[in-house]
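Dear colleague,

I am handing over the structure we spoke of, with the sequence alongside. Please have it open as you read the notes that follow.

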Amino acid sequence: MSAAMRVTRPYTADTFGTRQRLSLHCKIDVCMRLSPAFFFVAFAISATGATPQKSIVPFSITQDVGSGNEVFVSGAHRDFTSGGIQPWGVKLHWNSGNVWSGTIALEAGAQVSYTFVSHPISSSGYCGGNSTALGQAIYLIVPSATAPPYNGKFIRYSSSWSSANLLYHDITQNGTWTQAPMQRVGQGRTPGESIFEVAGVATSADEIEFVFTDGAGQYDNAPAPPQNTPQGAAPGTPVPYQSLAPPYNYRTSLDVFTVQDGQVYNYQPPATVSAPTITTRFVNSTVSGIPGRNIHIFLPRGYIQNTNRRYPVVYFHDGQNVFFPGGTFGTWDADRIAAYETSQGRMRESILVAIDNGNDYGSDRQIEYIPPGDQLSGQPPGTADKYVQFLRDNVLPTLDYNYRTINQPGQPIQAAANITAGSSLGGLLTAYMGMTNSNVFGQIGVFSPAFWGGPNFINNVLDRAPKFSLKIYMDIGGSESSSSQGSSDVYWFGAWAVYNTWEGDGYAVNSELLMYPKCGAVHNEAAWSARLPAFFQFVLSLWSEPNPLALEKFPPRLELLTCDPTGGTAQLHFLAPLGVSFNLDRSGDLTTWPDQTSLAPANAIWEDRFLNEQFPAPTDRQFWRLQANPAP
């Protein structure tokens, strides 16, 4: 090994570390022997494994496809169907001159082929029509992104067994079932429990289905989906899981996780984890014309024990129907679905807030949910602006002051941690909030929107709005009607028209905009419940938060790329994980560390960081250390 290679030292992490550090040093005899080859050796560390990161790719074609048809980008890769929810491909929007265009977020570094196709856009044609290819298949290598510092997946498992094996198959690759032995690495929470680990299984970023087995006929399957006694229109099992049958298997796309007591975590959980809870509290209103009302607050698993964790919040409208058992119209089952999706490693731990509509408090959702400048027949003008003010002035402070939300009083708003969702008129309201308050609500869920109720908002606000820093989920059913609109075409075409506007504004499908058209779906709570997991997985992806277990098992390596002790300059490199801030300290003697630099968290899942350092020269040695600060 050359002297140059000795300047890189691995980073040693404390057990389940909260503050971790490493150091490397620059000496004259080492620096002067650095060669260009070392630069490329250093890069090898961030070039292993696949990545869940996506790259934005523009698509465009000029084609007259005739009235009633639109152009889609179709391909075998899962991103061309948004994970399977757009069966004909990603729809492009029309521009004058018969130019169809849009941007799609695709798996970084993937080699894909795609075809432009023409397909009917009416609800009946979309769901039952045939696509026509507009030319030959086109091959594309998607621009790459920084890969994780590992290959495959790392899984930790707590069990009373004396030996354990992982039985899995890669869903993304349509792989066969494979058994991998796990290594016992220590005692668990009690003398009768062991900790097992396995690394390098499947492909990183892929979705896997798995169970555990002791190799002697015993299996540890995933817990059953929630099951309660049916109440009124509320089902005993939430709609998304009614087609599942035992035995149940685990399923997640996480790369680094642990399984304890049937629950998947991206951090090492406490020995005992409390179950989710729901509380109801009355929030007074300071906004004229908007009465105070009850809000129902869902706190996620482990909220009691994980006192250092802070959570994003989803604010649902029509709160009477959001949690089990709901009301007359049934339930979204948001509480039971969130609990199960979280437990299986498919969405972030989050706080959910169901805000009652005003119908039970002397007001009317047909007024409160209508944008100003619009009004429904027989109703006063809409007061959605005042309702949003009530949320901003009364509801959000109630949460931020009394619960461990990511948004803390007195701190700059992190809009992406405030999510809002609603259906029908509530979907119209949610779109209004996104277009007028994206600085507060950075993610929106627009379910079966009643855009017919806000024509002036559509024409004067939404159609003229610039592209915001906003993440948008929208869905629509192929058979929707309501007491106010008997034709499903009104809902169907209204949603697609707004999709065209947002796509035309530059929102990238799969990363900033997700459209879920569901053939045969009607306009009710059961239909919204069925699509709720897709919404949760999009706006509350586990890839959008720091992974403390990945930081523990795969801590960054601080590398010295170049060093000039005479000129007093050096270049360092490390692979920064999402959302973790670091301190870089420098010393000339390993005793005092006078030069300290705070490094902002990475915005990508993995991000190459290059640091240009200056130090007093000439000198015969310098030392640097990198410390990770605890993630919130």
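A cavity here is a set of points on a 1 Å grid over the protein atoms alone where a 1.4 Å probe fits but cannot get out, and its volume is the space filled by probe spheres set on the points. Please bear in mind throughout that this is a predicted model.

Enclosed space

The largest cavity has a volume of about 180 Å³ and is lined by 16 residues, of which W543, N547, A550, I605 and W606 are the closest to its centre. By class, 13 residues of the lining of the largest cavity are nonpolar, one is polar and two are charged.

The second largest pocket

Among the open spaces I would point you to the second largest pocket, which contains about 580 Å³ of space. It is lined by 27 residues, and those that lie nearest its centre are D318, F329, R365, S424 and E525. Three elements, α5 (365–368), β24 (418–424) and α10 (525–539), each supply at least two residues of this lining. The classes in the lining of the second largest pocket are eight nonpolar, 14 polar and five charged residues.

Backbone points to check

Most residues other than glycine have a negative phi, and most peptide bonds are trans.

S424, which belongs to strand β24 and is one of the residues nearest the centre of the second largest pocket, has a positive phi near 60 degrees without being a glycine. Is S424 buried or exposed? Its relative accessible area is 12%, and because buried means under 20%, S424 counts as buried.

L590 also is not a glycine and has a positive phi, of about 65 degrees; L590 lies in the loop between β30 (582–587) and β31 (595–599). With a relative accessible area of 45%, L590 is partly exposed.

The other two places are cis peptide bonds. The bond from F324 to P325 is cis, with omega near 5 degrees, and P325 sits in the loop between β22 (313–316) and α4 (334–343). The bond from A617 to P618 is likewise cis, with omega near -5 degrees, and P618 is found in the loop that joins β32 (606–614) and β33 (621–628).

A helix pair

Two packed helices are described by the angle between their axes and the distance between the axes. How do helices α6 (residues 384–402) and α7 (residues 425–436) cross, and within what distance do their axes come? The axes come within 11 Å and cross at roughly 70 degrees; since angles of 65 to 115 degrees count as roughly perpendicular, α6 and α7 are therefore roughly perpendicular to each other. The contact is made on the α6 side by A384, D385, Y387, V388 and L391, and on the α7 side by L429, Y432 and M433. By class, this contact has seven nonpolar residues, no polar residues and one charged residue.

With best regards

Definitions and conventions: Residues numbered from 1 in each chain as written. Predicted model: local features only at pLDDT ≥ 70, side-chain atom pairs only at ≥ 80, totals over all residues. Heavy atoms only, no water. Axes fitted to C-alpha atoms, helices over the stretch in contact; angles between N-to-C directions. Helix = DSSP H or I, 4+ residues; strand = E, 2+ residues; numbered from the N terminus. Parallel < 35°, antiparallel > 145°, perpendicular 65-115°, else oblique. Contact = heavy atoms within 4.5 Å. Nonpolar A, V, L, I, M, F, W, Y, C, P; charged D, E, K, R; others polar. 1 Å grid on protein atoms, 1.4 Å probe; cavity = no way out; pocket = protein on both sides within 12 Å on 5 of 7 lines; lining within 4 Å. Buried < 20%, exposed > 50% of the residue type's maximum accessible area, 1.4 Å probe, protein only.
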